Amino acid sequence: MIDQVQYSVVIPTYNSSGFLDKTVSEIESALSQLGQSFEIIIVDDFSTDNTWNRIKELKQTNSRIKGIRLSKNFGQHKATICGFSAASGQFVITMDDDLESDPKQISALVEKQKETNADLVYAHYTNLKRGFLRTIMYGVFKLSAKIVEGKNRVNGSSFRLVKGTLAKKIIQNANSFTFMDELFLWNTEKVEFANVTHQQGLRGRSNYSIRGLVNTSTELML
């Protein structure tokens, strides 16, 4: 009998062919130091560059990698939930594709989960490096979530560690409304935060536009 994978890393990606190799390499290096089994699930959100071909090439030489290509551009949250459906780990780690989240700090999330037995551990950045407009819109986005949820718990990020059992609940409850952090808070009170440092991403300019942030906040309020 094959032991269950301990950690599944889900990476929603879009037009990242230029730096995907580095992202995968650094994640592998960090997880190997934990001494646990892992897999990396890369979800291509219908990229328009060579990302999908690069994922297929990586899969050919690395058995830890799973690749999924979506039929159109659905956005980060839906792509992440799609990755959950392919994850077999006892824990699922979600990360952006451009190393804004330092893989070496995965251990901070792991340690916090072990200390608290939380269902969900968010990375809480202590030194955010965002542009002025994106900082304002992210603040509006968080405020909208707090108003709707009625809890002062929306201080996390897309860098998270989730119990596999909670990830399965998210898959079951997901619908056309896919603001993941709201779904998490509907399904658990056991949420913790680990302080980590934010680093400059390899992409330079985010795929998540100001318009996208506005649309997501509006959807949350409806």
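Me: Why is serine 85 called exposed?
Reply: Serine 85 has a relative accessible area of 52%. Exposed means over 50%, buried under 20%, and partly exposed in between, with a 1.4 Å probe and protein chains only. So 52% puts serine 85 in the exposed class.

Me: What kind of model is this, and how are residues numbered?
Reply: This is a predicted model, in which local features need pLDDT of at least 70, side-chain atom pairs count only at pLDDT 80 or more, and totals for chains, interfaces and linings use all residues. Numbering starts from 1 along each chain as its sequence is written, and side-chain values use heavy atoms, leaving out hydrogens and water.

Me: How confident is the predictor in the protein chain?
Reply: The mean pLDDT is 84, and 76% of the residues reach 70 or more. pLDDT is the predictor's confidence in each residue, from 0 to 100. Residues 208-222 have pLDDT below 50. That stretch still has 26 contacts in the model beyond near neighbours in sequence. Where pLDDT is low, the predicted coordinates should not be read in detail.

Me: What makes up the secondary structure of the protein chain?
Reply: Eight helices and seven strands. Both are DSSP runs, numbered from the N terminus: helices are H or I with at least four residues, strands are E with at least two. Of the 222 residues in the chain, 48% are buried.

Me: Where is serine 85 found?
Reply: In helix 3, residues 76-86. The C-alpha atoms of serine 85 and isoleucine 171 are separated by 6.7 Å, though the two are 86 residues apart along the chain.

Me: Why is helix 3 called oblique to helix 6?
Reply: Their axes come within 9 Å and cross at roughly 120°. Axes are lines fitted to C-alpha atoms, for helices over the stretch in contact, and angles run from 0 to 180 degrees between N-to-C directions. Under 35 degrees counts as roughly parallel, over 145 as roughly antiparallel, 65 to 115 as roughly perpendicular, and the rest as oblique. So 120° makes helix 3 oblique to helix 6.

Me: Which residues make the contact of helix 3 with helix 6?
Reply: Ile81, Phe84 and Ser85 of helix 3, with Ala167, Ile170 and Ile171 of helix 6. Contact means heavy atoms within 4.5 Å. These residues divide into five nonpolar, one polar and no charged. Ala, Val, Leu, Ile, Met, Phe, Trp, Tyr, Cys and Pro count as nonpolar, Asp, Glu, Lys and Arg as charged, and the others, Gly among them, as polar.

Me: What makes helix 6 roughly perpendicular to helix 7?
Reply: The axes of helix 6 (residues 164-173) and helix 7 (residues 180-187) cross at roughly 115° and come within 10 Å. That angle makes the pair roughly perpendicular. Leu166, Lys169, Ile170 and Asn173 in helix 6 meet Leu183, Phe184 and Asn187 in helix 7. They divide into four nonpolar, two polar and one charged.

Me: How do helix 3 and helix 7 pack?
Reply: At an angle of about 50°, with their axes 10 Å apart. The two helices are therefore oblique to each other. His77, Thr80, Ile81 and Phe84 of helix 3 contact Met180, Asp181, Leu183 and Phe184 of helix 7.

Me: Why is helix 7 called largely enclosed by the rest of the structure?
Reply: Because six of its eight residues are buried. These are Met180, Asp181, Glu182, Leu183, Phe184 and Leu185.
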